[in-house]
Amino acid sequence: MLLAAAAPAQDPGFVLQGEGGLITALALDPSSPATLYAATARGFYKSMDGGGGWRPSRNGLGDHAVLSLAVDPRSSATLYVTTDTSGIFRSIDGGENWAPANTGLAGRYVGAIAIDAHDPSTLYAGTESGRVFKSIDGADSWKELTAPTSRVCVSAIALDPTAAGTMYVGTNSEGLFKSIDGGMTWSHPTERMRLHKGTVWNVTIDPSTPSTVYVGTHDGLYRSSNGGATWEPSNRGLKSYNVLSLAIDPAAPATLYAATA
């Protein structure tokens, strides 16, 4: 009897896991990559098997719409999420239990949060009316910085991993702002471009070359190779120009992933 060799299994591509709905952020536990976290419009979810199964994990958080998510790079059981009506919540047990972390924070719509990789007890959060806040004690308290704008909401924050005090803030309909002094003063590096009045959903800095910055906007993906001084569109191959999220492969920084609407 002649047996044919088995054909190589074909990669099925992406497979839906869960019940659907708006997912605003995904993150993995750097110490246990099979543990995934999902921020959604219906609350916070956790997977322990690489996304095979999900369960709600929101004791103390409830069903708030979660807008952004951050994992402490040195203590991965510490998580932070931001919400649209109740500010910031913190978990110290991998998302099993949550408590508000809003002392000093004005406003309860928080569109973005970022952790300083060199000092994870330092965090930045962006809220409505263009306000930016800083915590130096792991979100126990917050202090307001100079606002880059007062008219729109902050939708993204990114910190330069090599230049302390350099940060980028994306906004809803006023483009991108940059500070090189820790948020004391701001410039508007997209002022002379169409992106000036655009919505910036995501800011991603190339960790191997921090002068290379990508922004995902409602009008496409833009790239700067000089720290935001000039920008060029980078949309070839995209089927949708509404770029909601970006990620760089840490092992191959020339590989960029873009998620669209």
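Glu232 is partly exposed, with a relative accessible area of 37%; here buried means under 20% relative accessible area, exposed over 50%, and partly exposed in between, for a 1.4 Å probe and protein chains only. The side chain of Glu232 meets that of Arg223 in a salt bridge, with 2.7 Å from N to O. Arg223 is likewise partly exposed, at a relative accessible area of 31%. The term salt bridge denotes a side-chain nitrogen of Lys or Arg within 4 Å of a carboxyl oxygen of Asp or Glu. By this rule the structure holds 7 salt bridges.

The model is a predicted one, in which local features need pLDDT of at least 70 and side-chain atom pairs count only at pLDDT 80 or more, while totals for chains, interfaces and linings use all residues. Residues are numbered from 1 along each chain as its sequence is written, and side-chain values use heavy atoms, with hydrogens and water left out.

Side chains of opposite charge can pair when their charged atoms come close. Lys46, Arg55 and Glu96 are linked in a network of salt bridges. In one of these contacts, the side chain of Glu96 meets that of Lys46 at 3.1 Å, N to O. Glu96 lies in the loop between strand 7 (88-91) and strand 8 (99-100), whereas Lys46 belongs to strand 3 (residues 43-47), so this pair ties together parts that are 50 residues apart in sequence. Strands (E, at least two residues) and helices (H or I, at least four) are DSSP runs numbered from the N terminus.

Glu96 also forms a salt bridge with the side chain of Arg55, at 2.6 Å from N to O. This pair too links distant parts of the chain, since Arg55 is in strand 4 (residues 55-56), 41 residues from Glu96. As for accessibility, Lys46 counts as buried at 8% relative accessibility. Glu96, at 28%, counts as partly exposed, and Arg55 is partly exposed with a relative accessible area of 35%.

Elsewhere, the chain forms an open sheet of 4 strands in the order 9-10-11-12, with antiparallel pairing. Strand 9 (110-115) and strand 12 (143-144) stand at the edges with a single partner strand each, so one side of each is left without a neighbour in the sheet. Two strands are taken to pair if DSSP finds at least two bridges between them. Strand 11 (residues 132-135) pairs with strand 12 in the antiparallel sense over 2 bridges. Within this pairing, Lys134 has Lys143 of strand 12 as its bridge partner.
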